[in-house]
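Thanks for coming, everyone. Let me put the structure up, and then we'll walk through it.

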Amino acid sequence: AHLVNRIAAGEVVERPASALKELVENSLDAGSTRVAVTLSAGGTQRIEVADDGCGMDAGDMALALERHCTSKLPDEAIENVTTLGFRGEALPSIASVARVTIESRPAGRDGWCRAVDNGEVVRDGPAATPPGTRIVVEDLFARVPARRKFLRSARSEYAACLDAVRRLAMARPDIAFSLEHDGRRVLTVPAGQDRPARVAMLTDKALAENAVPIDWVREELVLGGVAGIPTFNRGIADHQYLFVNGRPVRDRLLMGAIRGAYAEMMPRDRHAVVALFLDVPAHQVDVNVHPAKTEVRFRDPAMVRGLIVSGLRRALDEAGH
Ligand code: ADP
Ligand code: MG
């Protein structure tokens, strides 16, 4: 099982940011209202995620670290998955290539702590801890040189972690997030924000002031968010924050549609700066394409593309472009 976990780890966790994303998604699935992330050396030394979610007892925790043990498998068909995780792969994979310490307590129950060092349980016992869960991942890949050598500098691993937190925080404006790196607080957003306020807080201030709202419905597809005004975007690198059914995604089809829409309106200035939230019925999209779940597959790609192009074009037309 240990070897299987290590192989899976290569797919699910390729760098600190991907481990971090899995941990934060678990916190969101656990119904947390706040998620606090603390990193050292871009997450290469230490990643900590603390939440106030439902917590785990000793039994849950042992299961959580076993492969393919997910508490989230839906009764219905797998395509109707509504939680972020559903493979039961992330925690055992991470714990096979790092030192992982989990402290957790469901409200009104006793706390528990379990630590796993590269697949070996090194601690398992009661712990005094606040309700919720705190997971610490230390020395990711330290004992797996073949993977360790693919890590980049602490600085670029940090940039990837910040990007991951920013996207997750954008997806969930109702939840409070904080991020601390090497002792410095780099991001804080409060609970209970609406989408535009959250997007504005997490993107460039000038961009937020030069953006138009998008609000477009076609049949069962709903597109919302904000689009940067093309003239303003000059000189800015692409910033595309894309969400499908509330999940951050990086999808070629969507990115192509966005660039296409911008290029049509402003042939010489193709930089697209957008935060787009696409909601489609679960049966129209497959999020199960890749373990890291940033790729999606649409049943009707042409319709999605059309929605994005016309939604963007209309929003920017109304703004006078
Ligand atoms: P998945 O998210 O696909 O179920 P994971 O390996 O990410 O698989 O997590 C395994 C299980 O551990 C989850 O199903 C959940 O029951 C539990 N778990 C992980 N993180 C948390 C958390 N922060 N709060 C409560 N339960 C958690
Ligand atoms: Mg998960």
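Which residues does Val165 touch, not counting residues up to four places away in sequence? The answer is Val24, Val37, Phe177, Leu179 and Leu187. Touching here means contact: C-beta atoms, placed from the backbone, within 7 Å.

A word on the source. This is a predicted model, where local features need pLDDT of at least 70, side-chain atom pairs count only at pLDDT 80 or more, and totals for chains, interfaces and linings use all residues. Residues are numbered from 1 along each chain as its sequence is written, while chains are lettered from A and ligands numbered from 1 in the order in which they are written.

Now the overview. The protein chain has 11 helices and 15 strands. Those are DSSP runs, numbered from the N terminus: helices are H or I with at least four residues, strands are E with at least two. The chain has 321 residues, and 40% of them count as buried. Buried means 20 or more other C-beta atoms within 10 Å of the residue's own, with C-beta atoms placed from the backbone.

Next, the core. The largest nonpolar core holds 77 residues, and Ile94 and Val165 have the most contacts inside it. Such a core is a set of buried Ala, Val, Leu, Ile, Met, Phe, Trp, Tyr and Cys residues joined through C-beta atoms within 7 Å. Helix α6, residues 154-171, gives the largest share, 9 residues. Why does this core lie between domain 1 and domain 2? Because both domain 1 (2-189) and domain 2 (203-318) give residues to it. Those bounds come from an automatic or database domain assignment.

On to a sheet. It is open, with 5 strands in the order β9-β10-β13-β11-β12 and mixed pairing. Two strands pair if DSSP finds at least two bridges between them. β9 (211-218) and β12 are at the edges with a single partner strand each, so one side of each has no neighbour in the sheet.

Take the pairs. β11 (residues 239-244) runs parallel to β13 (residues 273-279), joined by 6 bridges. There, Gln240 is opposite Val274. β10 (residues 221-228) pairs with β13 in the antiparallel sense, over 6 bridges. In that pairing, Ala227 has Val274 as its bridge partner.

Last, the hairpin. β11 and β12 (residues 247-249) pair antiparallel over 3 bridges. Leu242 is partnered by Val249 in β12. The hairpin has 2 residues between its strands, and Asn245 takes a positive phi near 45°.

Terms used. A residue is buried if 20 or more other C-beta atoms lie within 10 Å of its own, exposed if 12 or fewer, and partly exposed in between; C-beta atoms are placed from the backbone. Two residues are in contact if their C-beta atoms, placed from the backbone, lie within 7 Å.
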